[in-house]
Amino acid sequence: MSTAQPQAASTSAYRRMEESITLSEEKVVEGSRELLTLNIGPHHPATHGVLRLLVTLDGEVVRDVKPIIGYVHTGIEKTAEQKSYWKVIPVVERMDYLSYFFNAMAYCGAVETLLEVEVPRRAQYLRVIHLELNRIMSHLVWLGTSALDLGAISVWWYCFREREMLLDLFEMSTGQRMHTRYIQVGGVAEDVPSGWIERVRAFTKVMPERAEVYGDLLNKNEILLQRLRGVCAVSQEELLALGVTGPLLRATGNPWDLRKAMPYSSYDDFDFKIPVGTQGDNYDRYAVRLAEIHESCKIIDQALDGLPEGPWITEDRKVALPPRHELATSMEALIHHFKLVTEGFRVPPGEVYYPIESPRGELACFVRSDGSSKPARVHMRDPSFVNLQATMPMVEGSLLADMVAALAMLDPVLGGVDR
Amino acid sequence: MPDATGMELLARELGERVEGCVLATRHFRGKGAIDVRPSSVVEVLRALRERGFDFLTSVHGLDYFPEEPRLGVQYELLDMSALDRLTVALRVPLEDPRVPSVTPDWPTANHQEREVFDMFGVIFDGHPDLRRILMPEDYEGHPQRRDFPVGGEPILFTHNETSSPRWFA
């Protein structure tokens, strides 16, 4: 009796869709045994977000990895096209939810380039301070969750303790802990309140010490070192071909950092070093980020020392809202306020690509203007999205447990990957 | 690219290497862009790589609706030693949105070309694995096109889920 059924009838539409994912050719490795396909995610603590991995295993050795993304795609780039320029800022901030200041900076920088608006020095410094605080915050979340993946639970509590201090600082200066909408087109939303600078100084005083403590906890942890040292190394040439930037590239010894190479927002005023690795393995990726926390503290201190007096947003009333008190006395201010709030400002036609160095690499915003008050196209070149392509060369031939470590050291933020 | 003159020189050099590839040059806000013929993009990027632009930072799509040809693809190149950036841009019509894929030369373009295909429907000939990347596999249409409506999908509630088509899928 034959029980075989026609293939087409037995496979459901869902099954066919699943199978289409593995349509790209399967790698056959010489001498490998029976291969096992394992699905990890999309909901899995080790994937740091809604990332799904289709892993082909040979015993415990990873032969192939296919990242499947799009689970948190929210169409932010499409949404941005429906909103006037200044209303886009809070939308793009929600892409990479750990580096919201960077998203806003890339977008505002692109719009400012189109408008040819001069950003006051004080605003540039305030931006730098917030960007670097944000970089530390992002690295703290990365360090805490990565150490957690590798079994070092206490580091997570310590990192989130310091992150809480940072979020309190953001709350004090911007009114929000996350997605602050602080960076505006032409400057920043508000001057920092009195007492804030002292609190930032207190933070930059304790943070390097605390970073030392993390280093002591982790660098002498034999289990952690065995999981990181010499694991999942990728050559610099391969990373460059894959478009990988940021700490992953610097871990291989390439000191490419846009803050130094192509300074923006007066980064050339500050004296800081670019930490680089030598091997390009997981340990170097970890060490580079930990060292970056120290360098960010140095930048913040210098920016606080040299914080110029003056306006914190451009005086160009066609772009920035007039001060509140002028509305009661000045007719022009009232008109400008009305125009900005209802229609928004118009931007000259053109296309601009504005790159900055985010905690994960080159974050760039592409904005096309058609001359109206809404952008015709907003695209974020998100480093997480591009860097994710390095998963396969990183983990090929390594153990499944090392893949978890490599993914943690890759530091993808799925909100940025899917946008 | 520091000035428009340098841009023109580069365009002439490219035009000599790849016959008739350059359609126009632009210099906007301190950055150069070259409009190229879609069929020549692989050779153009190869020639630019030899000239130092050896890092492809971004590939992204555009929709120039209602202008024609409607769809655009832009390649952002970076020269890490000369600290220079350059945009290579091309436009293809909606009826025949075919562009040769640069993924064999530049592995970083893999996911980004898939995104452009997903969002704009540009077909990259020679791409090893051209599938949707962000939208669901069975999604119809290319949502980043300017004439694609916003808010067109019905929201499922318990009171209307049985009457909505394919609510169980």
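Guide: Two residues are in contact here if their C-beta atoms, placed from the backbone, lie within 7 Å. Keep in mind that this is a predicted model.

Visitor: OK. What share of the contacts in chain A with a separation of 6 or more comes from residues 24 or more positions apart?

Guide: Such pairs make up 70% of those contacts.

Visitor: And how many helices and strands does chain A have?

Guide: Chain A has 18 helices and 10 strands. Its radius of gyration is 24 Å, close to the 22 Å from the globule rule for 419 residues, so chain A is as compact as a globular protein of that length. The C-alpha trace spans about 90 × 55 × 35 Å along its principal axes.

Visitor: How much of chain A counts as buried?

Guide: Of its 419 residues, 49% do.

Visitor: Let's look at the open sheet of three strands. What is the order?

Guide: The order is β8-β9-β10 in chain A, with antiparallel pairing.

Visitor: Which strands stand at the edges?

Guide: β8 (350-358) and β10 (377-381) of chain A do. Each has a single partner strand, so one side of each has no neighbour in the sheet. From one strand to the next, the twist averages 15°.

Visitor: How many bridges join β9 to β10 in chain A?

Guide: Five bridges join β9(A), residues 361-369, to β10(A). As one example, A364(A) has R381(A), in β10(A), as its bridge partner.

Visitor: Which helix packs on that sheet?

Guide: Helix α5 of chain A, residues 100-115, touching β8 and β9 of chain A. The direction of α5(A) makes about 145° with that of β8(A).

Visitor: Changing topic: where is V288(A)?

Guide: V288(A) is in helix α13 of chain A, residues 282-305.

Visitor: Is V288(A) buried or exposed?

Guide: Buried: 20 or more other C-beta atoms within 10 Å is the cut-off, and V288(A) has 23.

Visitor: What does V288(A) touch, leaving out residues up to four places away in sequence?

Guide: Its contacts include P247(A), R250(A) and A251(A), and also P275(A), V276(A) and G277(A). As for W256(A), which is 32 residues from V288(A) along the chain, the two C-alpha atoms are separated by 13 Å.

Visitor: Next, S265(A) and S266(A). Where does S265(A) lie?

Guide: S265(A) is in the loop between α12 (258-261) and α13 of chain A. S266(A) also has its place in the loop between α12 and α13.

Visitor: What is phi of S265(A)?

Guide: Phi of S265(A) is near 45°, positive in a residue other than glycine. S266(A), not a glycine either, has a positive phi of about 50°. Most residues other than glycine have a negative phi. S265(A) counts as partly exposed, with 19 C-beta neighbours inside 10 Å, and S266(A) is partly exposed with 17.

Visitor: Now the contact between the chains. How many residues does it take from each chain?

Guide: It takes 33 residues from chain A and 26 from chain B. On the chain B side, β3 (55-63) and α3 (109-120) are the elements giving two or more residues. The largest share, six residues, comes from β3(B). By class, that side has 13 nonpolar, eight polar and five charged residues.

Visitor: Which residues does a cis peptide bond join in chain B?

Guide: One joins F65(B) and P66(B), with omega about 5°. Another joins E68(B) and P69(B), with omega about -10°. P66(B) is in the loop between β3 and β4 (71-79) of chain B, and P69(B) lies in the loop between β3 and β4 too.

Terms used. Residues are numbered from 1 along each chain as its sequence is written. Chains are lettered from A and ligands numbered from 1 in the order in which they are written. This is a predicted model: local features need pLDDT of at least 70, side-chain atom pairs count only at pLDDT 80 or more; totals for chains, interfaces and linings use all residues. Two strands pair if DSSP finds at least two bridges between them. Helices (H or I, at least four residues) and strands (E, at least two) are DSSP runs, numbered from the N terminus. Axes are lines fitted to C-alpha atoms, for helices over the stretch in contact, and angles run from 0 to 180 degrees between N-to-C directions. The radius of gyration is taken over C-alpha atoms; the globule rule is 2.2 Å times the number of residues to the power 0.38. A residue is buried if 20 or more other C-beta atoms lie within 10 Å of its own, exposed if 12 or fewer, and partly exposed in between; C-beta atoms are placed from the backbone. Ala, Val, Leu, Ile, Met, Phe, Trp, Tyr, Cys and Pro count as nonpolar, Asp, Glu, Lys and Arg as charged, and the others, Gly among them, as polar.
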